[in-house]
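Subject: Structure handover

Hello,

Here is the structure I promised to pass on. Please open it first; my notes follow below.

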Amino acid sequence: MSLDKEYPRLLLISDATWADDNNIGNTFTNLFRDWPKENIAMIYARPDLPKTEVCSNFFQISESRMIKTFLDKHVKTGFEINSDVVGNKSIIDDELKADEITGKNLYKFFLKYRWSIFLLARELLWKTGRWKTQDLERYVKTFTPDIVLSLACSSQYMNELQQYVIKIAEAKAVLYFVDDVYSLRRFSLSPLFWLNRMLSRRALSRTVRASDLIYTIVDEQKKEYDRMLNVNSKILTKGGNFEGKPPLYKEITLPLKFVYTGNIYAGRWESLVAIGRALDEINKTSIKGELFIYSKNELPPRMQKCV
């Protein structure tokens, strides 16, 4: 079997940067670590630079540069980042460094203050930000992917980006749900929140219809999403080597230490709060269990009140 048939040319699309130390990047590395570098590429919309040995071919779209286009229409909103830039920070020019800092600050602001009005403003930026460029089209057509794999996102702008790339790539399309980005199991009294949610669901439905295959991560999600989206999804999870029996500890010392590492958004923090409250009840007479949480995410005010 030829290399191209065994490992088709794969183009990933994600809002997050591929870095081995972030959640999505770690997942991609786990799934594609054996993929030939020349057969894998990625388009992403985050200011950070990639940090992985698995892929060396990237196209970055920058929101901070989109803002600059309102003052100077000649500013490029996206450009290719190759393995030389990723592996050698000394050759990164001052403009890219400054753009990374500005973009990170902008992203932290949106992440910390996830107010509906800001989310809608972000969508408006992408509607007018001139990201559909010849550079992006050239990048996709030069790579000539066999498969476009998109990470399912709740934002309208990412769905529009994914739909656009699927169209110009003329390749098989795969959509991967790693979080609940579609259901209505949310609580908010803000009309703007629900307006944004309904618009994002409509955009995501279009991406589903443009896809040839849907992946979910657990049985419960598969059942729910198959019903809501009228699809027959498959389950895809990270892999590992589980040969042999795991070590068993015959003697357990209290308190037990429960450790969580990773993203705390997308409702995950609420589950952690529930676990913490359950431990509070268990620990009323003596400390029997402790929960340790390690995350790069910044806590917005609502989360801080629950800590």
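Where is Thr237 found? Thr237 sits in the loop between S8 and S9. Keep in mind that this is a predicted model.

Thr237 is partly exposed, with a relative accessible area of 45%.

The S8–S9 loop

Two further residues of this loop deserve a look. Tyr249 is found between strand S8 (234–235) and strand S9 (256–261). Tyr249 counts as exposed, at 68% relative accessibility. Together with Ile252, Leu254, Leu256 and Phe258, Tyr249 makes a nonpolar surface patch of about 560 Å².

Pro255 also lies in the loop between S8 and S9. The peptide bond that leads from Leu254 to Pro255 is cis, with omega near 5 degrees. For context, most peptide bonds are trans.

Positive phi

Most residues other than glycine have a negative phi. Two residues here go the other way. Thr144 has phi near 50 degrees, a positive value, and is not a glycine. Thr144 is placed in the loop between H7 and strand S5 (147–151). At 44% relative accessibility, Thr144 counts as partly exposed.

Asn230 is not a glycine either, yet has a positive phi of about 55 degrees. Look for Asn230 in the loop between helix H10 (219–229) and S8. Asn230 counts as exposed, with 70% relative accessibility.

Helix H9

H9 covers residues 191–209. With 19 residues at 1.5 Å a residue, H9 should span 27 Å; the end C-alpha atoms are 27 Å apart, so the two agree. Buried residues of H9 include Asn196, Arg197, Ser200, Leu204 and Val208.

Arg197 needs a closer look. Which side chain of opposite charge is nearest to Arg197? That is Asp180, 4.6 Å away. A salt bridge needs a nitrogen-to-oxygen distance within 4 Å. Arg197 is buried yet has no salt bridge. The Arg197 side chain does reach the backbone oxygen of Ser183, at 2.7 Å.

Salt bridges

How many salt bridges does a search of the whole structure find? The search finds 8. In general, side chains of opposite charge can pair when their charged atoms come close.

Arg122 and Glu63 form one of the salt bridges, with the closest N and O atoms 2.8 Å apart. Arg122 lies in helix H6 (residues 116–128) and Glu63 in helix H3 (residues 63–68), so the pair ties together parts that are 59 residues apart in sequence. Are these two partners buried or exposed? Both Arg122 and Glu63 are buried.

Lys76 pairs with Asp135, and here the closest N and O atoms are 3.6 Å apart. Lys76 lies in the loop between H3 and strand S4 (78–82), and Asp135 in helix H7 (residues 134–143), so this pair ties together parts 59 residues apart in sequence. Asp135 counts as partly exposed, at 22% relative accessibility. Through shared partners, salt bridges join Lys76, Asp135 and Arg138 into one network.

Glu281 and Lys284 form another salt bridge, with the closest N and O atoms 3.1 Å apart. Lys284 is exposed, with a relative accessible area of 62%.

Best wishes

Definitions and conventions: Residues numbered from 1 in each chain as written. Predicted model: local features only at pLDDT ≥ 70, side-chain atom pairs only at ≥ 80, totals over all residues. Heavy atoms only, no water. Helix = DSSP H or I, 4+ residues; strand = E, 2+ residues; numbered from the N terminus. Expected span 1.5 Å × (residues − 1). Buried < 20%, exposed > 50% of the residue type's maximum accessible area, 1.4 Å probe, protein only. Patch = residues over 30% accessible without salt bridge, like charges linked within 9 Å, V, L, I, M, F, W, Y side chains within 5 Å. Areas by Shrake-Rupley, 256 points an atom, 1.4 Å probe, with all protein chains shown as cover. Lys, Arg positive; Asp, Glu negative; His and termini not counted. Polar contact = N/O pair within 3.5 Å; in protein donor to acceptor, adjacent residues only side chain to side chain.
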